[in-house]
Amino acid sequence: MTPRTWARGAGWATGGALAAGGAALAYAGGYEVRSFRLREATLPVLPPGQRPMRVLHLSDLHVVPSQQAKLRWVRELARLEPDLVVSTGDHLAHREAVPAVLDAMGDLLERPGVFVFGSNDYYAPVLKNPARYLVPDTSGRRAHGPFLPWEDLRDAFLAEGWIDLNNARDTLEVDGRLLELVGVDDPHLHRDRYDRVAGAPRADVDLAVGVTHAPYLRVLDAMHADGLPLILAGHTHGGQLCVPGFGALVTNCDLDRGRARGVSRHPLGGSPSASWMNVSAGLGTSPFAPVRFACPPEASLLTLVAAPRGSGVR
């Protein structure tokens, strides 16, 4: 092979790689980031003999008011008529996003609902080097943007009768069943204070649910130790950029990559007493990184059903 032939072949290879990379970027930023999906799962967490209950799990909307396609899609979720709505944080990405969030939630706010906040409810996103997410962050430092109007969002949710679970514990009657709900403020910002809400579920409740924005192991372990059969979380974006056949590259917390999205058990190991957990890949992204690859945006519709007799669920 002559040097001229080699150079031509290398140029073709480089051009092909650039074209493939450009096509992937166009797909990730032009199509997949707006290819909203409803992921459905069935979880056996109710006491034996009970009828099913449907929970709509929303997370990581990261709303900018101009994102009309996403807002319309969220608004349509009310047709599902869930028994309970759980929102696991990062609703905002813009200082004027609160009215858009409330409009998108629309009729869902008339359903029983609970919420916690994430970092992008408190602080606006900032431009960061995307490569930072590919290596562990041991510095403990966080780059924060300006404050966002989280208090306005909280007050609006409360006015609709939703329950604030940021380091709080409460009960709620849903479809004739009594639920105990245990939540923490965002562990990613070290705002979680599980010691304030710790303890085994009340004996008279039909189901106890743990709610957190970021699924850090310290929170998951504590919720499992207290005997919560179901845990709901977001934050990971499912990895946001995934490799087909490999999965998520990162989770942006200490949860393992294999549980970056979807239903799993915690802790791992197959114990019958392990909590069921759903980690939502969420519906949005930072406005500074508006791409998804092999990880479409999602909401989760969870059908809770009776556990088999003898499974340990009361």
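The model is predicted: local features need pLDDT of at least 70 and side-chain atom pairs count only at pLDDT 80 or more, whereas totals for chains, interfaces and linings use all residues. Residues are numbered from 1 along each chain as its sequence is written, and side-chain values use heavy atoms, with hydrogens and water left out.

The protein chain contains 6 helices and 14 strands, taken as DSSP runs numbered from the N terminus (helices H or I, at least four residues; strands E, at least two). Of its 314 residues, 49% count as buried. Contacts (heavy atoms within 4.5 Å) with a separation of 6 or more are formed, in 75% of cases, by residues 24 or more positions apart.

A pair of aromatic rings is described by the distance of the centres and the angle of the planes. Rings of Phe, Tyr and Trp (its six-membered ring) pair if their centres lie within 6.5 Å; planes under 30 degrees apart are stacked, over 60 edge-to-face, and the rest tilted. In one of them, the centres of the Phe115 and Phe157 rings are 5.0 Å apart and the planes stand at 55°, so the pair is tilted. Phe115 belongs to strand β4 (residues 113-115) and Phe157 to helix α5 (residues 150-159), so that the pair joins distant parts of the chain, 42 residues apart. Phe157 is also buried, because its relative accessible area is 0%.

Phe117 and Trp150 have ring centres 6.2 Å apart and planes at 75°, which makes the pair edge-to-face. Phe117 lies in the loop between β4 and α4 (119-122), and Trp150 in helix α5, so the pair ties together parts 33 residues apart in sequence. Phe117 is buried at 1% relative accessibility, whereas Trp150, at 21%, is partly exposed. Through ring pairs, Phe115, Phe117, Tyr122, Trp150, Phe157 and Trp162 are linked into a cluster.

Charged side chains also sit over rings, with NZ of Lys or CZ of Arg within 6 Å of the ring centre and within 35 degrees of the ring normal. The charged end of Arg218 is placed over the ring of Tyr216, 5.0 Å from its centre. Arg265 lies over the face of Trp276, 4.2 Å from the ring centre.

Definitions and conventions. Buried < 20%, exposed > 50% of the residue type's maximum accessible area, 1.4 Å probe, protein only.
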